[in-house]
Amino acid sequence: MTTTDVLQRDSAVPLYVQLEEILRARIAAGEWEPNQRIPSENELNKTYGLSRMTARAVLTALVNDGVLFRVPGKGTFLAPTKIDAISPAYRGVREQLEAMGYQTSTTLLSVRVELPSVRVRERLRLQPDQPVYAIHRLRSVQGRPISLHHSYVPAHLAEGLDAHDTANEQLCVVLDTHYGLAMKRVEEHLEATSASTEEAGLLRMHPGQPVLQLQDVIADATGTAFEYSSIVFRGDTIRLAFDYDL
């Protein structure tokens, strides 16, 4: 323990505040890796001479801030650093990540023409017999999966879309450049949910772990909806920011 790790008991700063600052400094210094267990309440009690109640309150504060996370029966662990991104409707996720210096890759899981589900049909305002291109992709950062992208485009608006390289080209660019479908209006819904068994397998999570689901309906200047997308983000990896001028 260094002198900066010692609690100053004659200081006006409360001991629990000092302990939180010490733990944050140790985390910032890289003492623990993401997903590594940190000292327990008992261990902190022995190291710093504080009550378990005080240690528990400090750990709880760091959990509430998203710095740590608890696994029942196993302990408290350092949470992975979350990536801050804006809605992909305004700037593609891959473009944002690469601008921040991350190495990204996209796996095309499938692309096919199909009759849409009721949910997709309603959002794109289609008739039951109007097919869509269904494009499913998995995006990874530094080799780690972070998001699943499910996109649906009316087939009559983008004939031959399945011939384009939608793994390496942004879908919005393909639609704009080759089909004149430029985004002018976005209807967006964000909700916290839990990973299904299939999603968990692709994102390397446990079923039931938290995910963020972002649903977009994108329309052109005439109001024609030309894309419905549902993106599932790992809740422990990415954080979406929304910034509005009022």
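At roughly what angle do the axes of helix H2 and helix H3 cross? The views below take up this and other features of a predicted model.

**View 1. Helix H2 crosses helix H3 in the predicted model.** H2 covers residues 41–48, and H3 covers residues 52–64. Their axes cross at roughly 115 degrees. They come within 9 Å of each other. The crossing is right-handed. On the H2 side, Glu41, Asn42, Leu44 and Asn45 make the contact. On the H3 side, Arg52, Ala55, Arg56 and Leu59 make the contact. Sorted by class, the contact of H2 with H3 has three charged, three nonpolar and two polar residues.

**View 2. Strands S1 and S2 form a hairpin.** S1 spans residues 68–71 and S2 spans residues 75–78. The two run antiparallel and are joined by four bridges. Arg70 has Thr76 of S2 as its bridge partner. Three residues lie between the strands. In this hairpin, Gly73 takes a positive phi near 80 degrees.

**View 3. The second largest pocket holds about 330 Å³ of space.** The pocket is lined by 15 residues. Phe69, Pro80, Gln209, Pro210 and Asp236 are the closest to its centre. The lining has six nonpolar residues, with five polar and four charged ones.

**View 4. Six strands build an open sheet.** The order is S4-S5-S6-S9-S8-S7, with antiparallel pairing. Strands of a sheet pair through backbone hydrogen bonds. Which strands sit at the edges? They are S4 (104–114) and S7 (185–194), and each pairs on one side only. On average, neighbouring strands of this sheet are turned by 15 degrees against each other, direction ignored.

View 5. Which residue of S9 stands opposite Gln215? Ser230 takes that place.

Key:
Residues are numbered from 1 along each chain as its sequence is written. This is a predicted model: local features need pLDDT of at least 70, side-chain atom pairs count only at pLDDT 80 or more; totals for chains, interfaces and linings use all residues. Side-chain values use heavy atoms; hydrogens and water are left out. Axes are lines fitted to C-alpha atoms, for helices over the stretch in contact, and angles run from 0 to 180 degrees between N-to-C directions. A crossing is left-handed if the near helix is turned anticlockwise from the far one by less than a right angle, and right-handed if clockwise. Contact means heavy atoms within 4.5 Å. Ala, Val, Leu, Ile, Met, Phe, Trp, Tyr, Cys and Pro count as nonpolar, Asp, Glu, Lys and Arg as charged, and the others, Gly among them, as polar. Two strands pair if DSSP finds at least two bridges between them. On a 1 Å grid over the protein atoms alone, a cavity is a set of points where a 1.4 Å probe fits but cannot get out, and a pocket is an open set with protein on both sides within 12 Å along at least five of seven lines; lining residues have an atom within 4 Å of a point. Grid points are joined across faces, edges and corners, and a volume is the space filled by probe spheres set on the points.
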